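Welcome to this short tour. Open your viewer, pick a cartoon view with side chains at hand, and follow along one selection at a time.

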Amino acid sequence: MPGVGILLTEEERKYRISVIEDRLKEKDLKLTPQRRVVLDVLLDNQSKHLSAEEVFEFVRKKFPDIGLATVYRTLQLFDDFGVIKKLDFNDGCYRYELSEDQRHQHHHLICIKCGKIYEFDDDLLEDLEKRIYKNNSFKVIDHAVKFFGYCKDCLKDLT
């Protein structure tokens, strides 16, 4: 559902931050204050699929001296290390969400009228992945599915 926040307990939040710090340390990088504030914004807005500019606006409220280029570099770094996923919803800009290592990427329902993005967690492609492996010896490790249509509010307006 759009706008439904994913609330992390303090313990979950600390754990996610420590995992990300460890990934950066593996590459001899640090979780600098600038990177940390970008990460905090992503943690605080997990269900919002923010663009780089939206991340920047949130970050500037906490870290007024940060530049847009720093936010872009940080998002690129986080994407390179699998901390976040860069998403393209065909709306002219990339959007970002935290990566979820323990399961497949969830899917998205995108309203073509109002632009709302809904997350869809049912993984209906597991059987297909098994067939792909059996028939092609190809192991699928992830997939992304986008459904475009009308949300319930916009559907009412069409009738």
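The largest cavity holds about 30 Å³ of space. Here a cavity is a set of points, on a 1 Å grid over the protein atoms alone, where a 1.4 Å probe fits but cannot get out, and lining residues have an atom within 4 Å of a point. Grid points are joined across faces, edges and corners, and the volume is the space filled by probe spheres set on the points. A search of the whole structure turns up one cavity of 30 Å³ or more.

Before you select anything, note that this is a predicted model, in which local features need pLDDT of at least 70, side-chain atom pairs count only at pLDDT 80 or more, and totals for chains, interfaces and linings use all residues. Numbering starts from 1 along each chain as its sequence is written, and side-chain values use heavy atoms, with hydrogens and water left out.

**Stop 1: the cavity lining**

Select Val41, Leu42, Asn45, Gln46, Leu50, Tyr96, Glu97 and Leu98, which line the largest cavity. Helix H2 (33-44) and strand E3 (94-98) are the elements that give two or more residues to this lining. Helices (H or I, at least four residues) and strands (E, at least two) are DSSP runs, numbered from the N terminus. E3 supplies the largest share, three residues. By class, the lining has five nonpolar, two polar and one charged residue; Ala, Val, Leu, Ile, Met, Phe, Trp, Tyr, Cys and Pro count as nonpolar, Asp, Glu, Lys and Arg as charged, and the others, Gly among them, as polar.

**Stop 2: the sheet with E3**

Now colour E1, E3 and E2, which form an open three-stranded sheet in the order E1-E3-E2 with antiparallel pairing. Two strands pair if DSSP finds at least two bridges between them. At the edges are strand E1 (50-51) and strand E2 (84-88), each pairing on one side only. E2 and E3 run antiparallel, joined by five bridges. Zoom in on Leu87, opposite Arg95 in E3, and on Lys85, opposite Glu97 in E3. Five residues lie between the strands of this hairpin, where Asn90 takes a positive phi near 60 degrees.

**Stop 3: two crossing helices**

Show H2 together with helix H3 (residues 52-62): their axes come within 9 Å and cross at roughly 115 degrees. Axes are lines fitted to C-alpha atoms, for helices over the stretch in contact, and angles run from 0 to 180 degrees between N-to-C directions. To see the contact (heavy atoms within 4.5 Å), select Val37, Val38, Asp40, Val41, Leu42 and Asp44 of H2 with Val55, Phe58, Val59 and Lys62 of H3. This contact has seven nonpolar, no polar and three charged residues.

**Stop 4: the other sheet**

Which strands form an open sheet with mixed pairing? Select E5, E4 and E6, which lie in the order E5-E4-E6. E5 and strand E6 (146-149) stand at the edges with a single partner strand each, so one side of each is left without a neighbour in the sheet. From one strand to the next, the twist averages 20 degrees.

Strand E4 (residues 107-111) and strand E5 (residues 117-120) pair in the antiparallel sense over four bridges, and His107 has Phe120 in E5 as its bridge partner. Their hairpin has five residues between the strands, and Gly115 in the turn has a positive phi of about 85 degrees. E4 and E6, by contrast, pair in the parallel sense over four bridges. End your tour at Leu109, which stands opposite Phe147 in E6.

Methods. 1 Å grid on protein atoms, 1.4 Å probe; cavity = no way out; pocket = protein on both sides within 12 Å on 5 of 7 lines; lining within 4 Å.
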